[in-house]
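Please look over the sequence and the structure first.

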Amino acid sequence: KNEGAYDFLYLPRTGQTNLSYAFINFVSEAHAMAFKAQWHKKRMAHFTARKPLNISFADVQGIKANILQLKKKRVRRIEMRQCQPMIIMNGHQLDLAEALAVMER
């Protein structure tokens, strides 16, 4: 459940398989710290992976910087609908192309 805590979520995938990591941009440091406190070193009961979650802070921070990072990498699989990041701007979910267009205005 998002409840406004984050505005960017990207789970890189190859085909039908995720790469076992994700990028989440939280709207505040407090939201990020609460997420880490709740999930760091926890195991996901519904999945086969036995390793606990390792929550760390990324070098790239902020929704715009994360979007530009994806654009810069030109990741082809992002063009597939199921591989799109979840981007929320002004309360609306946008795909990558829409978010880039908003940023260029």
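**Largest pocket**

Helix α1 gives the largest share of the lining of the largest pocket, eight residues. The model is predicted: local features need pLDDT of at least 70, side-chain atom pairs count only at pLDDT 80 or more, and totals for chains, interfaces and linings use all residues. Residues are numbered from 1 along each chain as its sequence is written, and side-chain values use heavy atoms, with hydrogens and water left out.

- The volume of the largest pocket is about 1700 Å³.
- Of its 40 lining residues, Ala 22, Ile 24, Phe 35, Leu 53 and Ile 55 are the closest to the centre.
- Two or more lining residues come from each of β1 (6-10), β4 (23-26) and α1 (29-39).
- The lining divides into 22 nonpolar, 13 polar and five charged residues.

**Chain layout**

- The chain has three helices and six strands (DSSP runs: helices are H or I of at least four residues, strands E of at least two).
- From the N terminus, the order of elements is β-β-β-β-α-α-β-β-α.
- Of the 105 residues, 25% count as buried (under 20% relative accessible area, with a 1.4 Å probe and protein chains only).

**Helix α3**

- Leu 96, Ala 99 and Leu 100 are buried in α3 (residues 96-104).
- These residues lie on the same side of α3, because they cover an arc of only 100° around the axis (taken from the directions from the helix axis to the C-beta atoms).
- The buried residues of α3 pack against α2 (63-73), β5 (86-89) and β6 (92-94) (contact means heavy atoms within 4.5 Å).

Terms used. On a 1 Å grid over the protein atoms alone, a cavity is a set of points where a 1.4 Å probe fits but cannot get out, and a pocket is an open set with protein on both sides within 12 Å along at least five of seven lines; lining residues have an atom within 4 Å of a point. Grid points are joined across faces, edges and corners, and a volume is the space filled by probe spheres set on the points. Ala, Val, Leu, Ile, Met, Phe, Trp, Tyr, Cys and Pro count as nonpolar, Asp, Glu, Lys and Arg as charged, and the others, Gly among them, as polar. Buried means under 20% relative accessible area, exposed over 50%, partly exposed in between (1.4 Å probe, protein chains only).
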